[in-house]
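Me: I'm new to this one. Can you walk me through it?

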Amino acid sequence: MSEKVLGVPRSKAHESLHPEIRKEAIKKYIKNGAKLEDWTVFTALETYLQLQECFGWEPFIQLFSDYQKITNIVNENTYKMNLWAELFSKQVKTNLVPFFKMWGWPIEDSTTKKLSSLPEWKENPMKNFV
């Protein structure tokens, strides 16, 4: 909303969104072992910002719309994270498993297998940190 409605650049919307601060936060998260318990508000936001910066807002809009139609979603984080990784990967027609694993997501072998036929995300920004 800040960018689209108010015209405020992401880097000015909050100090944590300045490019250098973002880079340092990623480095610290990776250095500390990319543990899910450290995947806090701005760390989580960074994960989604990286996806948005590469793929745009459209995959998010479509996926949120698709989520409205899904029934029986198991209320368990590992399940939900694997579902998101699978659906977003399919939405952008790119295997995002390595990206999510670099963020410490508990990606299961079954999800990895389901997405193995999709092309690798060559622009994966996390490659610069791992």
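Predicted model: local features only at pLDDT ≥ 70, side-chain atom pairs only at ≥ 80, totals over all residues.

Me: Start with α4 and α5. At what angle do they pack, and how far apart are their axes?

Reply: The angle is about 125°. The axes are 10 Å apart. Helix α4 covers residues 58–67, and helix α5 covers residues 77–92.

Me: Which hand is the crossing of α4 and α5?

Reply: Right-handed.

Me: Which residues make the contact?

Reply: From α4: Pro 59, Phe 60, Gln 62, Leu 63, Phe 64, Asp 66 and Tyr 67. From α5: Lys 80, Leu 83, Trp 84, Leu 87, Phe 88, Gln 91 and Val 92.

Me: How do the residues in that contact of α4 with α5 divide?

Reply: Ten are nonpolar, two polar and two charged.

Me: New topic. Where does Asn 95 lie?

Reply: In the loop between α5 and α6, with α6 spanning 97–102.

Me: Is Asn 95 buried or exposed?

Reply: Buried, because its relative accessibility is 13% and the cut-off is under 20%.

Me: What does the side chain of Asn 95 reach?

Reply: Two backbone atoms. One is the nitrogen of Val 97, at 2.9 Å. The other is the oxygen of Leu 115, at 3.2 Å.

Me: And which residues does Asn 95 touch, not counting residues up to four places away in sequence?

Reply: Ser 89, Leu 115, Ser 116, Leu 118, Pro 119, Glu 120 and Trp 121.

Definitions and conventions:
Residues numbered from 1 in each chain as written. Heavy atoms only, no water. Axes fitted to C-alpha atoms, helices over the stretch in contact; angles between N-to-C directions. Helix = DSSP H or I, 4+ residues; strand = E, 2+ residues; numbered from the N terminus. Left-handed = near helix turned anticlockwise from the far one by under 90°. Contact = heavy atoms within 4.5 Å. Nonpolar A, V, L, I, M, F, W, Y, C, P; charged D, E, K, R; others polar. Buried < 20%, exposed > 50% of the residue type's maximum accessible area, 1.4 Å probe, protein only. Polar contact = N/O pair within 3.5 Å; in protein donor to acceptor, adjacent residues only side chain to side chain.
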